[in-house]
There are 2 protein chains.
Amino acid sequence: MSPERLLIIGGVAAGMSAASRARRRNPQLEIIVLEKGDYVSYGTCGLPYYLSGQVKDWKELLVYSPEFFRDKRGIDIRFRHEAVEIEPGRKTVHALRSGAEPLAFSYDKLIVTTGGAPALSIPGSDLPGVFTCNDLAGAIRLREFMDSRQPKNAVIIGSGYIGLEVVEAFTSHGMRVVIFERSEQVINGIEWEIGRRIEETLTKHGVELRKMSAVNSISGGAAPATSSMLVHSNSSSAPADVVLLSTGIVPRSKLAADAGIPLGPTGAIAVDERMQTSSTSIYAAGDCVETRHLVTGKPVYFPLGTTANKQGRVAGENAGGGNARFEGIVGTFATKVFELEVAKTGLSVAAARASGFDADSVTVTSISRARYFNGKPLTVTLIFDRSSGRLLGCQMAGEDCAAKRIDVAAMALHARMRVQDMLHLDLSYAPPFAVVWEAILIAANEAVKKLAR
Amino acid sequence: MSPERLLIIGGVAAGMSAASRARRRNPQLEIIVLEKGDYVSYGTCGLPYYLSGQVKDWKELLVYSPEFFRDKRGIDIRFRHEAVEIEPGRKTVHALRSGAEPLAFSYDKLIVTTGGAPALSIPGSDLPGVFTCNDLAGAIRLREFMDSRQPKNAVIIGSGYIGLEVVEAFTSHGMRVVIFERSEQVINGIEWEIGRRIEETLTKHGVELRKMSAVNSISGGAAPATSSMLVHSNSSSAPADVVLLSTGIVPRSKLAADAGIPLGPTGAIAVDERMQTSSTSIYAAGDCVETRHLVTGKPVYFPLGTTANKQGRVAGENAGGGNARFEGIVGTFATKVFELEVAKTGLSVAAARASGFDADSVTVTSISRARYFNGKPLTVTLIFDRSSGRLLGCQMAGEDCAAKRIDVAAMALHARMRVQDMLHLDLSYAPPFAVVWEAILIAANEAVKKLAR
């Protein structure tokens, strides 16, 4: 009897986590990964730091090399194999290969990790000076472009966290940067006091943010003269030698949908806690699936590298014969905007209200550690339900350890705490790290006072 | 009708927190604080950094000045008033004043915040070159001594966190330091892998640690020739120009006990969740009381500045007519040993076993953030109950944001999580702050594997 075959479509975070875990769970399994590109097992979240030069060589972004997977883990990676059709009935995946005949791969278990794709396509987004920062190949092309063309003017379309991370890479190369943001705030779901700190930081570094500016086209810049593009929004234009499209990503779920695998309400692949699709032999994980938001209990599309790794591991464990569960997320993320750390977990006020909560919020600005240890202002917004006091979300901004501090709030969300339960949390204190009253405790106190009003 | 009078014995963390809160709660209250020394409202936890010079002037350690309390908060502080007797039946406190007649103070509500006292007294501990670091007056004397005498050889007796914090102050003044520790480990309750990192750090900085060395006397050094003391332990001696006694503190509960206020099993004053003693008009808070350990449910003596502030606030709220509660602690503390951050929450393996848990542990060393952001090794020990998987404790050591990371474990203890619940916690991640798999998640995974064995 030949061994069972696990086929995995996609070899980035979720895919390679799944492959590694399945191998550990089941040493007999044949594991094949179909990767449409040239790279596997890299940290997508590190791409902005490759652009900035903080990461010198893209190979530093690789968690493991292809040779490691082949030689040490017995995982067979097929590069430049683009899966184009899943036939669940015949348990077969068809893949295109550049310059070769298509190939059919049978499987016993299949894990779909097709990831996400840039959300927006606008006229001119196919110009050679327009880039995304969604995968390693794109980042390598952008850095080559920056190195060879030395662009002076940059435009970033969309002020989500990827856009804001690339701002720093652009300015560190001496570029003048204009950001177009179609809404009235940076980063979707960020409360205004936190957003204001982000905007102040951008201003301080000479970055121009144009809010309420929806880009509708990019003109000029056709090859071979790629410079002198013009980016046009509903209200203004800006010249650009290089453009980054960072308007968020959407799930690449069409391959699964075409095979009859149901999508969820978000348009991403629907999976259960075992990361199983409606087909018992097909799992999915990462940026192509939706997951459960543990605050609302509802499915949400929240593509992030940490979640992709966890889901991939669960899918791999189960495809290998185990029984692991991924319960969901509380919506934690963190980013760095120049020296400012920004973090968010749970729901914004608007999202909480949209989910039926009677949401309210408080914001306090305190200090990160003792003044004589160079403590920095730390802004905390707590979002809570007025009727029960339940914590619904938290956001933080500060220059000193704000990002990891959000984890206290993430834990409170996992534990479904109320702000009333958070007044006297026994958090660590010593002058080199903290102040006696952590900002989140002060904020909880303010929230409780507000509940009493 | 004259206003109610709140009398507070002791004006450091718990006492002044109580006074401030009572004032906020009740603007009519007459508030008098009896402070036996010359200073109020200072951060005891900052004293080692005053010794090191990180804090230039001791006034930086004051949260508020006496004038602020008098003028802005209407709080009447009586310095050099040492309470020597409480008469609960007559609601009166008798206080000694240096160079003046004793005074009697009546009260309607009394809050006892008499703090803690150095635990150990050994022959020679009254020599003029022997100091403690338990209050501001002592720290000022020690710094004056260091500045004027320029000691070369220092001995620290006891390797708790205060001793380890003062090590850095001593070495930063060019002193050669020997630490005597009577047990086989540094910091009570620290697991050995964490302790090893502390010991390696001490060695790296040229500090000599002598374990299993119980000091039994200090000789020489009588005034006026204070140099050339000799510190004698059961196994060796060491010369010293200055000696720090840092063998922990015990509650100053005698004043309360003499008044018939019951102490708890730890020897500290017993209080309920409202910080009330057995007498309805007498509250107590801070280093003189015991508190409930939320992991064991049992009373514990765990004197720390954060807890004192919280308890003081609750006592003040209630003495002012409110109804606040302090539920207890999970035993979180953090300290810095040179560049190494050390933190602990919950129970050690030994303490957990002594409390009847079937305790086991795992330790992992991972990395604090992406390597290209100069990530540092982060060691995490998880202590858990084998029969249920319940998390019982956590300890961390590392040079990069280890202290604030312990808060995730503190939250898990507050929420009574099991290690099985901690595999997929949605903690913040971005390469400048973290790695995809936080060390505590890796440790939880190892713990779950160990449970299955």
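The predictor's confidence in each residue is called pLDDT and runs from 0 to 100. In this predicted model, chain A averages a pLDDT of 95, and 98% of the residues score at least 70. The model as a whole scores ipTM 0.96 and pTM 0.96.

Three domains are assigned in chain A. Domain 1 is made of the segments 5–37, 79–116 and 250–319, whereas domain 2 spans 120–247 and domain 3 spans 333–452. The centres of domain 2 and domain 3 of chain A, taken over C-alpha atoms, are separated by 30 Å. Between these two domains, 14 residues of domain 2 of chain A are in contact with 17 residues of domain 3 of chain A. On the domain 2 side, the elements that give two or more residues are α5 (161–172) and α6 (192–204) of chain A. The largest share of that side, 6 residues, comes from α6(A). By residue type, the domain 2 side holds 6 nonpolar, 3 polar and 5 charged residues.

Contacts also join the two chains: 49 residues of chain B are in contact with 49 residues of chain A. On the side of chain B that touches chain A, two or more residues come from each of α8 (305–319), β21 (333–337), β22 (340–346) and α10 (402–414) of chain B. The largest share, 10 residues, is given by α10(B). This side of chain B consists of 29 nonpolar, 11 polar and 9 charged residues.

The same surface serves both copies, with 100% of the contact residues of chain B recurring in chain A.

Note on methods: Residues numbered from 1 in each chain as written. Chains lettered and ligands numbered in written order. Predicted model: local features only at pLDDT ≥ 70, side-chain atom pairs only at ≥ 80, totals over all residues. Contact = placed C-beta atoms within 7 Å. Helix = DSSP H or I, 4+ residues; strand = E, 2+ residues; numbered from the N terminus. Nonpolar A, V, L, I, M, F, W, Y, C, P; charged D, E, K, R; others polar. Domains from an automatic or database assignment.
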